[in-house]
Amino acid sequence: MHIVLGVAGGIAAYKAVLLLRLLREDGHAVRVVPTRAALEFVGRATWEALSGQPVTTDVFEDVDQVAHVAVGKQAELVIVAPATADLLARAATGQADDLLTATLLVARCPVLLAPAMHTEMWEHPATVANVATLRSRGVHVLDPAAGRLTGTDTGPGRLPEPDEIAAAALALVTDRPRDLAGRHVVVSAGGTREPLDPVRFLGNRSSGRQGVALARTAHARGARVTLVAANIDVPVPPGVDVVRAETGAELRDAVRAAAKDADVVVMAAAVADFRPRTSAESKIKKEPGGGAPVLELVETVDILAELAHDRLRAGQLVVGFAAETGDETGSVLEHGQAKARRKGADLLVVNAVGGGRGFGTDANDITILDGSGAVVGTAAGSKDVVAHAVWDAVVARS
Ligand code: CTP
C-alpha cells in the first residue's frame, strides 16, 4: 500500500522513526512528508534512508513532478504522527502552505492524525474546536495518551506508541468490507424543529453526528445512501445523497419517499414526540400584563413504528435508535427491550446516555437488540465504531 507519513514539528518526531520502520517491515511503500519544523528534530537523511524515498517539505521542491498534488493523489492512507497543535489548526482551516498540508487537502483516502502536545495545548478551546472540525469531516484523530511529557509535566498529550498508531491506521483501510454493495440504505439524522411561530421552535440537541457516521460508513461499505437530514450541524459526507427536512412531518414524508426503494431504513434522527397544535402566522408578542402563553401540544406520528408496520418494500430491514438513561423502573437494557418489542423494528440500537455519553460527545456505548429484545451486538467507542457495528448487525440479518 502507498502510505504517506506526515511528521509535524514536535519532540515526538523520534517515535515516528519507529512507526516508519514498522510500516516498512509490514511491506508498505512509505513516503515521509515532514514539516520544516519536524526536520529540526529528526533530519532528512534518517527519513530518506529508512523510507528509501525522497523527502521534501516544500511545495516548491520537485515542481516538475507536481509533488503538492501527486503525493496526496497516490496515497491510499495518510498518517500524521506527531500531529502538533499547529498542524491540527492548519489542517482544520484547510491551509496548504507546505507539502504536508497540501497533501492533506488533496488526499481522498482515510487520514489518521495522532496528536502530541502539552496538555494545556490539547485542552485549549482552539485545539478542541479544531479536532471537532476534523472529526466531523471524517478525519480520524486519535486521543493522545496520558503520561510523562517532554519536561517534568505529565498529563494527556503523549503520542500513542508506534504499534498502536500503526494498528489504528491500518484498521481504517483493511476493516472495510464492501458488504453493502448493491443496496440502497436510507438514514435519518439530526433533530426536528416544530415551529411555534416564524422565529421560534421546539427542538432538541441532536447534532446529527451519529446519523452522518452511519451514512459515511454505509457509503464506505459500498451502499447507495440517502441521508434525510434534519438540521444537522455537521457536513454531509461526499458521495451521499441528501434530502433536507425541518419538522417531523417533513422528515416523515422524506423518509417514506426514499424508503419505497430502500433495502434498509435507519431512523437515527431525534424526532419530536409532540408538536405545538398550531404555529402562529406572525411572531408571538409579549403583551404587558398579558401573562405567559400556554402551549398546547399534540402527539406526532411515530415514523419508526409506522415504517415497521407498513413495510414499504418487501424484505426491508427497519432499524431504530433509543436513548436511555435507566431509572428506578428499569435499567438501560430493560427500557430498551420494552421499546424493541413495542416498536416492531427489526433492530433497535440502544444508546446509553447521560454521564458524558451520547448527545454531542465522541464516546458512545450501545447494545443492539432484535425485535424480541434479544441482544445481537454491542459496541463502545466513536460514532464510526458504533455505525460499523450497526451495519455488521444489518448484514448479519440479511
Ligand atoms: N421516532 C420516530 N418518530 C417519532 C419519534 C421517534 O420515528 N415521532 C424514532 C426515532 O428516530 C428513534 C426511535 O423512534 O429511532 C426513538 O424512539 P422514541 O420512542 O422516541 O424513544 P425516545 O426518544 O428514546 O423516548 P421515550 O423513551 O420517551 O419513548
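Me: Helices (H or I, at least four residues) and strands (E, at least two) are DSSP runs, numbered from the N terminus. Which element provides the largest share of the shell around the ligand?

Reply: The model is a predicted one. In it, at least two residues of the ligand shell come from each of α11 (303-310), β16 (317-324) and α12 (332-343). The largest share amounts to three residues, and its source is β16.

Me: How many residues surround the ligand, and how many of the shell are charged?

Reply: The closest residues are Met267, Ala269, Leu304, Phe321 and Lys339, and the ligand is surrounded by 15 residues. By class, the shell has nine nonpolar and two polar residues, and its charged residues number four.

Me: What distance separates an oxygen atom of the ligand from a polar backbone atom of Leu304?

Reply: A polar contact requires a pair of N or O atoms within 3.5 Å. A nitrogen atom of the ligand lies 3.0 Å from a polar backbone atom of Ile303. For a ligand oxygen atom and a polar backbone atom of Leu304, the distance is 2.8 Å.

Me: What percentage of the ligand's accessible area does the protein cover?

Reply: The space that the ligand takes is the second largest pocket. On its own, the ligand has 580 Å² of accessible area, and the protein covers a share of 76%.

Me: Is Ser206 buried or exposed?

Reply: Ser206 belongs to the loop between β10 and α9. Its side chain reaches the backbone oxygen of Gly190 at 3.3 Å. The relative accessible area of Ser206 is 14%. Because the cut-off for burial is under 20%, Ser206 counts as buried.

Me: What is the relative accessible area of Gly203?

Reply: The loop between β10 (201-202) and α9 (209-220) contains Gly203. Gly203 is classed as partly exposed, and its relative accessible area is 48%.

Me: How far apart in space are Ile165 and Ala249, C-alpha to C-alpha?

Reply: Ile165 sits in helix α8 (residues 162-174). It is buried, at a relative accessible area of 1%. In sequence, Ile165 and Ala249 are 84 residues apart, and their C-alpha separation is 45 Å.

Me: Which strand holds Pro82?

Reply: The peptide bond that runs from Ala81 to Pro82 is cis, and its omega is near -5°. Residues 77-83 form the strand in which Pro82 is found, namely β3.

Me: What is the phi of Asn231?

Reply: Asn231 lies in the loop between β11 (224-230) and β12 (241-245). It is buried, with 19% relative accessible area. Asn231 is a residue other than glycine, yet its phi is positive, near 55°.

Me: What relative accessibility does Arg311 have?

Reply: Arg311 occupies the loop between α11 and β16. Although Arg311 is not a glycine, its phi is positive, at about 45°. Arg311 counts as partly exposed, and its relative accessibility is 28%.

Me: What percentage of the residues in the chain is buried?

Reply: The secondary structure of the chain consists of 13 helices and 19 strands. Along its principal axes, the C-alpha trace spans about 70 × 60 × 45 Å. Of the 398 residues in the chain, the buried share is 49%.

Conventions
Residues numbered from 1 in each chain as written. Predicted model: local features only at pLDDT ≥ 70, side-chain atom pairs only at ≥ 80, totals over all residues. Heavy atoms only, no water. Near = heavy atom within 4 Å. Polar contact = N/O pair within 3.5 Å; in protein donor to acceptor, adjacent residues only side chain to side chain. Areas by Shrake-Rupley, 256 points an atom, 1.4 Å probe, with all protein chains shown as cover. 1 Å grid on protein atoms, 1.4 Å probe; cavity = no way out; pocket = protein on both sides within 12 Å on 5 of 7 lines; lining within 4 Å. Sits in = over half its atoms within 2 Å of the grid points. Nonpolar A, V, L, I, M, F, W, Y, C, P; charged D, E, K, R; others polar. Buried < 20%, exposed > 50% of the residue type's maximum accessible area, 1.4 Å probe, protein only.
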